[in-house]
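Thank you all for coming.

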Amino acid sequence: MRLILLGPPGAGKGTQAQRLVEKHGTPQLSTGDMLRAAVAAQTPVGLKAKAVMDAGELVSDDIVNAIVAERIDQPDCARGFILDGYPRTLVQADSVQKMLSDRGLNLDVVIELVVDDKALVGRIAKRAEETKAAGKPVRKDDDPAVFPERLREYYKKTAPLIGYYYAKGLLKQVDGMADIDDVTAQIEKILGAHKR
Ligand code: AMP
């Protein structure tokens, strides 16, 4: 199963992706996680990406496309993968399409987590507080001063993908405001219907 989880920052894509990993053993490909790892390891990509990420803006298409192209060729992706936070622009969407068709593969489904913006700001503030309480460093881009920029980037550059995938007949929407288990159940229902 090759699927994309789509939705604004804080919509719950990462949480749901992890649940899918546990249940189906399909790897989660989070470009955010991969970029954060590159920043931590101070690789050339990480050094380039850090300031952009801290400002809540999007890293260049070339960088993320290259990271994903390399990752999907790893053996654990042979049976499928969950793209979490990628693609985020139309250029990336075209790129993933090409990556897959070059390998004779296709996308099964794109699941959009539909959420209310106002709730997102609260969710992100909560995530920052919980991380702090656990004694872990808070992501700079989870700062309430930076989060609105991430939302703006989403509406400007990523939201057009909803129409893009709808037109391809691949888009399914779930109510991302429901509680976590309920969202998982909605996603499983879509995946179940797909397998049949
Ligand atoms: P995330 O953890 O998905 O919220 O991503 C954190 C940050 O990493 C984003 O705000 C961007 O700066 C960068 N990033 C992650 N995925 C992408 C992507 N597909 N395209 C561009 N930038 C990305």
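What you see is a predicted model, in which local features need pLDDT of at least 70 and side-chain atom pairs count only at pLDDT 80 or more, while totals for chains, interfaces and linings use all residues. Residues are numbered from 1 along each chain as its sequence is written, and side-chain values use heavy atoms, with hydrogens and water left out.

Two packed helices are described by the angle between their axes and the distance between the axes. Helices here are DSSP runs (H or I, at least four residues), numbered from the N terminus, and their axes are lines fitted to C-alpha atoms over the stretch in contact, with angles running from 0 to 180 degrees between N-to-C directions.

Let me start with helix α2, residues 31-40, and helix α3, residues 44-54, whose axes come within 8 Å and cross at roughly 115°. The two are therefore roughly perpendicular to each other, a term that covers 65 to 115 degrees. On the α2 side, the contact (heavy atoms within 4.5 Å) is made by Gly32, Leu35, Arg36, Ala38 and Val39, and on the α3 side by Val45, Gly46, Ala49, Lys50 and Met53. By class, these residues divide into six nonpolar, two polar and two charged, where Ala, Val, Leu, Ile, Met, Phe, Trp, Tyr, Cys and Pro count as nonpolar, Asp, Glu, Lys and Arg as charged, and the others, Gly among them, as polar.

Helix α2 also meets helix α4, residues 61-71, and there the axes come within 11 Å and cross at roughly 100°. Thr31, Met34 and Leu35 of α2 make this contact with Ile63, Val64, Ile67, Val68 and Arg71 of α4.

In the side chain of arginine 139, an N or O atom is 3.3 Å from an oxygen atom of the ligand.

Conventions. Angles under 35 degrees count as roughly parallel, over 145 as roughly antiparallel, 65 to 115 as roughly perpendicular and the rest as oblique. A polar contact is a pair of N or O atoms within 3.5 Å; within protein, one must be able to donate a hydrogen and the other to accept it, and residues adjacent in sequence count only if both atoms are side-chain atoms.
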